[in-house]
Amino acid sequence: MTPFAPDSFTWRALRRGAAGLLLVPALLLGACGGGSDSNDRTLTSQSEGEVVIGLTDAAGDFLAYGVDVLSLSLTRADGTEVNTLPATTRIDFAQYTEMTEFLTAATIPNGRYVKATMKLKYDGDPPADIQVEDADGKAVAATTILDEDGNPATELSVDVQLENDRPLIVAPGVPAHMTLDFDLAASHSVDLSDPANPVVTVQPFLVADVDLDEPKPHRLRGRLAEVDQANEVITIQIRPVFHVGDHEFGRFKAYVSDSTVYEVDGESYTGAAGLAALALQDPTSIVVAIGELDADRKFNASEVYGGTSVAANTVDVVQGHVIARSGDELSVRGATVVRKDGSVIFHDTVAVTVCDSQSAQPTKVTKQGGGSETLDIDAISVGQRIRLGGTLSEDASAGNLSLDACGGHARLLWTQMSGEVVAVADGLLTLELQHIGGRPLSLFDFSGTGLTSAQDADPASYEVDTGTLDLSDSDDVSTIAVGSAVKVRGFVTAFGMAPPDFSARTVIDLDKAPAHLGVTWRPATNEAFVSTSSDLLMLDLTQPLGSRHHIWRRGVLTDLLDFQPTAPGITPKATSGRGLYGLLQDGTAQVFTDFASFEAELENRLSAGGLVAATHGKGTFDDSSVTFSANRLMVRLRAPAGS
């Protein structure tokens, strides 16, 4: 395999979702109270407000990315700097591709905040644990972690400067919200020329937006502080990871309703009954709530877990995808392992033993999102994403891990698969699968999944039960036809019971999914654009290019050089609303929600001698006009030589 140099990217990453061509990491800042000067003048240093901060990540080829976050600070317009993180904590950013985790809630001086800074430590004790995926889908630990100057990475500080007319406003009454989106693939390069000893070069950076344009489900974890049954509110002392000692990362409220589902001590509930069961828990027990922020930045929980249903310092936990099953033995791949002592490691494959309901120590089986059905271990099949609690053991000589989940707990988690439709029938889609949870199909052994061996799940003809899902045209889901690329989200059919192979709760047509743009120039150039204007950038691909000059759609790469001599154009998105357009130079990002303002600043920097190294974007691409309509766009610049 050729080296993954700073101007190169992994082709497999593109097949898995263009992670290497996604927009740079986004720091999304949302505040209530507006950002006008008149509002700002009412804010004094003697008054305080609350800011709530979350973590997320764009999908990529990193299977684990555990690094210490030393501090997370906000800088006010008058220069006051406030640290919002009460203690250093290790975060595995790779676990947040599908979820935003509430990190901290801090009371800070009111004001107009214009910059955020995150400090990361790579040489801690233990050092950062970074695992990448090789060409065969196997996890390999990075043996060398370098900064962008080629030195061993130690402590790195990442700044983001907010747009002048869109600062973070902290005021009394309503919490401001901030979400850190750390796009690992776009912030790093990986050299796999020696597949057994990957070298990761770290180039982290953040950009900012004041709107959650692409919200993900949020997860709130921590100690139970209060259950207010009358007002249907749960107050939680935030602990983003369970092994951070007694530090409290602030308190936040989860609002519940009659439709909220609960799992408490392994029992499923809905609505008031679940809230009552949660109220009986010890006041300091660990609780996990999953839900979404509404337009008023209120966290509405759709799922709540408590008691023994939350494994926190009571049992060992393994989470990953089942890649094979033989009787009561499971092979779980891509496994995140949380030991009873609170330590977290990534171990690519863990052998798991489960026991049926007839044994002396049966494995309790439940399903994410609740439900009244009674489940046994037969519900666990190949491809299913799962979380298992039990007793971990290790073969020190071979380095193998195994988990005994007999007498423990198995929770079936929402599972995502992607592929192309090869047949459509009433309530049934047949797919040619491409990935399961982003992992290559070659990892999975479907033996035993069918009623007979001839009916074992076949990834080339994978049957998905869509039930009564409405697949007609709508804003989110379009008509599904043969040839459509789709993602399905739901649960794998019970082991030995296929077909169908999968029960879908959501089907998304990827034909209308965003395209991803990536272009690099080597060396960086002052002539990356044929022309620029307030609504159009014309790329100059006649300049020396790096390895990126492509559009990615549906797993298909389109080389922009194929359209020469036509110069590709980049325009702001045509739909209503704002985009997100960023400039990165000297380690600091400046973000704009208005394309014209972004272009004007780009012109200023080019006129001052700035050199363009790369541009990345997310949007849609029109082949006939060779035009990329950008929802998001980033241009990486370098200072002129000698500056």
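The tour goes from a helix to charged pairs, then to some backbone angles and a loop.

Before starting, note that this is a predicted model, in which local features need pLDDT of at least 70, side-chain atom pairs count only at pLDDT 80 or more, and totals for chains, interfaces and linings use all residues. Residues are numbered from 1 along each chain as its sequence is written, and side-chain values use heavy atoms, with hydrogens and water left out.

**Stop 1: a helix**

Select residues 272-279, which form helix α4. Helices (H or I, at least four residues) and strands (E, at least two) are DSSP runs, numbered from the N terminus. Which residues of α4 are buried? They are Gly274, Leu275, Ala277 and Leu278. Buried means under 20% relative accessible area, exposed means over 50%, and partly exposed lies in between (1.4 Å probe, protein chains only). Now look down the axis of α4: its buried residues fall within an arc of 160 degrees, so they line one face of the helix. The arc is that of the directions from the helix axis to the C-beta atoms.

Next, show what covers these buried residues, including β17 (218-228), β18 (233-238), β22 (286-293) and β23 (299-306). Contact here means heavy atoms within 4.5 Å.

**Stop 2: charged pairs**

Side chains of opposite charge can pair when their charged atoms come close. A salt bridge is a side-chain nitrogen of Lys or Arg within 4 Å of a carboxyl oxygen of Asp or Glu. How many salt bridges are there by this rule? The count comes to ten.

Select Asp68 and Arg90, whose side chains meet in a salt bridge at 3.0 Å, N to O. Asp68 lies in strand β3 (residues 62-76) and Arg90 in strand β5 (residues 89-92), so the pair ties together parts that are 22 residues apart in sequence. Asp68 has 12% relative accessibility and therefore counts as buried.

Move to Arg76 and Asp78, a salt bridge with its closest N and O atoms 2.8 Å apart.

Then pick Asp348 and Arg333, which meet in a salt bridge of 2.8 Å, N to O. This pair links distant parts of the chain, with Asp348 in strand β26 (residues 344-353) and Arg333 in strand β25 (residues 329-338), 15 residues apart. Both Asp348 and Arg333 are buried.

To finish this stop, select Lys121, Asp123 and Glu155, which are linked in a network of salt bridges.

**Stop 3: backbone angles**

Most residues other than glycine have a negative phi, and most peptide bonds are trans.

Select Pro499 and Pro500, joined by a cis peptide bond with omega about -10 degrees. Pro500 sits in the loop between β34 (485-492) and β35 (502-509). The peptide bond from Arg522 to Pro523 is also cis, with omega near 0 degrees; Pro523 lies in strand β36 (residues 515-525).

Now select Glu232, in the loop between β17 and β18. Its phi is positive, near 55 degrees, and Glu232 is partly exposed at 28% relative accessible area. Asp265, in the loop between β20 and β21, has a positive phi of about 55 degrees.

**Stop 4: a loop**

Finally, select Pro565 in the loop between β40 (556-559) and β41 (569-572). At 78% relative accessibility, Pro565 counts as exposed.
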